Amino acid sequence: MTVPTTLTRVEPHRLRALILEDLSRYPGASSTEVNRRIGVEISTKTIKRMLDDLADDGQIRHEGERRWRRYWLAGTRHP
């Protein structure tokens, strides 16, 4: 029996790498946009928690509040 691959139990270091890769390709993305691109089977709370951790570590930055918040890699500029 073949079991399909899923991202529901993705390891934290892999999730970090996926988010950083996504933001390098799509700067100024919302958490919902990141979630859609890397896998909707990952809970939105898990994505938001990892985005907060990455911001606390200084790897990414954000602007805006709540649902208007957008994310960029640290050190990048936007228009």
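1. A nonpolar core is a set of buried Ala, Val, Leu, Ile, Met, Phe, Trp, Tyr and Cys residues joined through side-chain atoms within 4.5 Å. Buried stands for under 20% relative accessible area, exposed for over 50%, and partly exposed for what lies in between (1.4 Å probe, protein chains only). The largest such core here has 13 residues, and those with the most contacts inside it are L15, I19, L23, V34, I38, I47 and L51. At least two residues of this core come from each of helix 1, helix 2 and helix 3. Helix 3 gives the most, with four residues.

2. The model is predicted: local features need pLDDT of at least 70 and side-chain atom pairs count only at pLDDT 80 or more, while totals for chains, interfaces and linings use all residues. Residues are numbered from 1 along each chain as its sequence is written, and side-chain values use heavy atoms, with hydrogens and water left out. Helices (H or I, at least four residues) and strands (E, at least two) are DSSP runs, numbered from the N terminus.

3. D22 is found in helix 1 (residues 12–25). Is D22 buried or exposed? Its relative accessibility is 6%, so D22 counts as buried. Apart from neighbours within four places in sequence, D22 is in contact with V34, R37 and I38.

4. In helix 2, the buried residues include S31, V34, N35 and I38. Seen down the helix axis, the buried residues of helix 2 fall within an arc of 100° and so line one face of the helix; the arc is that of the directions from the helix axis to the C-beta atoms. An α-helix has 3.6 residues a turn, so residues three or four places apart point the same way. The cover over the buried residues of helix 2 includes helix 1, helix 3 and strand 2 (70–73).

5. How do helix 2 and helix 3 cross? The axes of helix 2 (residues 31–38) and helix 3 (residues 44–56) come within 10 Å and cross at roughly 115°. Axes are lines fitted to C-alpha atoms, for helices over the stretch in contact, and angles run from 0 to 180 degrees between N-to-C directions. At this contact, S31, V34, N35 and I38 of helix 2 meet T44, I47, K48 and L51 of helix 3. The residues of the contact divide into four nonpolar, three polar and one charged.

6. N35 lies in helix 2 and is buried, with a relative accessible area of 6%. Not counting residues up to four places away in sequence, N35 touches V40, I42, S43, T44 and I47. N35 and T46 are 11 residues apart along the chain, and their C-alpha atoms are separated by 9.5 Å. Helix 2 is followed by G39, whose phi is positive, near 145°.

7. T2 is found in the segment before helix 1. T2 is exposed, with a relative accessible area of 74%. From C-alpha to C-alpha, T2 and D57 are 39 Å apart in space, and they are 55 residues apart in sequence.

Methods: Contact means heavy atoms within 4.5 Å. Ala, Val, Leu, Ile, Met, Phe, Trp, Tyr, Cys and Pro count as nonpolar, Asp, Glu, Lys and Arg as charged, and the others, Gly among them, as polar.
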